[in-house]
Amino acid sequence: MPPQHLPGGRCAAQDPVLRKKFSGKPEHVVNYFFFIAEEARQIMAQLGIRKFDDLIGRADLLDMKQGIEHWKARGLDFGRLLAQPIVPADVPRFHTQNQEHGLEKSLDNILIQKSRAAIDKGERVQFIEVARNVNRSVGAMLSGAVTKVHPEGLPDDTIRIQLEGTGGQSFGAFLTRGITLYLIGDANDYTGKGLSGGRVVVRPSIDFRGEATRNIIVGNTVMYGATTGEAFFSGVAGERFAVRLSGATAVVEGTGDHGCEYMTGGTVVVLGKTGRNFAAGMSGGIAYVYDEDGDFAKRCNTAMVSLEKVLSATEQEATLDRAIWHRDLSDEAQLKKLLEEHNRWTGSKRARELLDTWAQSRGKFVKVFPNEYKRALGEIHARKAAAVVTTKAQTTAKTATAPAK
């Protein structure tokens, strides 16, 4: 039976209660593959084939009669798909040589070399490099090198790398804890993809004279599937920002269409306009959107979320059950802290203006709250409360029945 998915992106197999009902063992999977291997041997023996390599490309061994005769196959011609090229016998039909990826030219080799003191001894390092559009997945190999020595990552900001220029595709992908990539310039699609505890900062040059809330600074599908860590972008992101985000924190000054699509956890702050279809399929986490023109509701997909006001900490304390507080903190406290961090890392004018006029600007923020997440928070709180009551009752019962000394 396939694992069931719960709100927040977890599988039923990860739920302690449901795990107790699961009777499967790793040995069962191993045994299953033994059966598959045995059946494969039998079929290959019938065909007169000794090795898997000898099966590759042998479309002539496929029994297609039953499939072709099926009514769904009418009008379909797979002749070209299954055609065998007429080539000499010595021409390889399968993988025989390694592909040259040119990894020795990767910028990460330089980053790893300059970060050796941090990787080997845990010392703090800081240096400057130049980033170009051709440098893809900057930080991924460095993260791998760190994780080999420090599986849980390094203390925050142990490795700080300032880069200037343009980050290529997947800049900061899978960045691990302890690494900060501080880019002055702009970056491409998939920036921060799979972020795993690190920090990604992208801000424009000091010479930039435009408005950050009107200018693109990172591409499409930024922060895709990010699990932990944080990112600050002093500018607008393209389409599908924070899709499948499951635990990281991100601040951006505007997004294209489909922002926070299928988001299951984490926190997103948008300090400017969003595109259409925001929050489609969003089942977890929270998004705070600065709705300056009051039209955000028209651009948000409310099939799975509710739009709420960002109350002051005092109002929230008085009116909202603490059971449904995101990360057990008031919205005002979280939002102000993220704005302060965004301003500190990027020098964002928008963040500074909002903080300076907080009494007015707070009222223009909209809280995007997934309905399933709200329900799950309530249920989790109720279970914890029930567990505390049960523990107290058991303690009282033991005390009452204990013999007097």
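In the predicted model, methionine 223 is found in the loop that runs between strand β5 (216-218) and strand β6 (228-233). The phi of methionine 223 is positive, at about 65°, although the residue is not a glycine. This value stands out because most residues other than glycine have a negative phi. The relative accessible area of methionine 223 is 0%, so the residue counts as buried. A second case of this kind is provided by phenylalanine 174, a residue other than glycine with a positive phi near 55°. Phenylalanine 174 likewise belongs to a loop, here the one between β2 and β3, but with a relative accessible area of 46% it is partly exposed.

The loop between β2 (159-167) and β3 (179-187) also holds threonine 176, which counts as buried at 8% relative accessibility. When neighbours within four places in sequence are left aside, the contacts of threonine 176 are with Ser143, Val146, Thr147, Gly153, Ser196, Gly197 and Gly198.

Helix α2 (residues 26-47) comprises 22 residues and reaches 32 Å from its first C-alpha to its last, close to the 32 Å expected at 1.5 Å a residue; the helix is followed by glycine 48, whose phi is positive and near 80°. Just after α9, glycine 347 adopts a positive phi of about 70°. The buried residues of α9 are Asp331, Glu332, Gln334, Leu335, Leu338, Leu339, Glu341, His342, Asn343, Trp345 and Thr346.

Packing between helices is illustrated by α4 (residues 107-114) and α6 (residues 140-149), whose axes lie 8 Å apart and form an angle of about 35°. The crossing of α4 and α6 is right-handed. On the α4 side, the contact is made by Asp108, Asn109, Leu111 and Ile112, and on the α6 side by Ala140, Met141, Leu142 and Ala145. Glutamate 129, which lies in strand β1 (residues 125-131), has 15% relative accessibility and therefore counts as buried. Not counting residues up to four places away in sequence, glutamate 129 touches Leu107, Ile110, Leu111, Lys114, Gln162, Leu163 and Glu164.

A further buried strand position is alanine 287, which lies in strand β10 (residues 284-290) and has a relative accessible area of 0%. Apart from neighbours within four places in sequence, alanine 287 is in contact with Cys260, Val268, Phe278, Met282, Val366, Lys367 and Val368. Alanine 287 and valine 251 are 36 residues apart in sequence, while their C-alpha atoms are 9.8 Å apart in space.

Cysteine pairing was then considered. A disulfide is a covalent bond between the sulfur atoms of two cysteines, and the criterion applied here asks for a pair of cysteine sulfur atoms within 2.5 Å. By this rule the count comes to zero disulfides. Cysteine 260 takes part in no disulfide, and the nearest cysteine sulfur, that of cysteine 300, is 9.0 Å away. Cysteine 300 is likewise in no disulfide, its nearest cysteine sulfur being that of cysteine 260 at 9.0 Å. With a relative accessible area of 0%, cysteine 260 is buried, and cysteine 300, with a relative accessible area of 9%, is buried too.

Threonine 391, finally, lies in helix α12 (residues 371-401) and counts as partly exposed, because its relative accessibility is 45%. The side chain of threonine 391 reaches the backbone oxygen of alanine 387 at a distance of 2.8 Å. Between threonine 391 and alanine 279, which are 112 residues apart in sequence, the C-alpha to C-alpha distance in space is 40 Å.

How values were computed:
Residues are numbered from 1 along each chain as its sequence is written. Side-chain values use heavy atoms; hydrogens and water are left out. Buried means under 20% relative accessible area, exposed over 50%, partly exposed in between (1.4 Å probe, protein chains only). Helices (H or I, at least four residues) and strands (E, at least two) are DSSP runs, numbered from the N terminus. A polar contact is a pair of N or O atoms within 3.5 Å; within protein, one must be able to donate a hydrogen and the other to accept it, and residues adjacent in sequence count only if both atoms are side-chain atoms. Axes are lines fitted to C-alpha atoms, for helices over the stretch in contact, and angles run from 0 to 180 degrees between N-to-C directions. A crossing is left-handed if the near helix is turned anticlockwise from the far one by less than a right angle, and right-handed if clockwise. Contact means heavy atoms within 4.5 Å. The expected span of a helix is 1.5 Å times one less than its number of residues.
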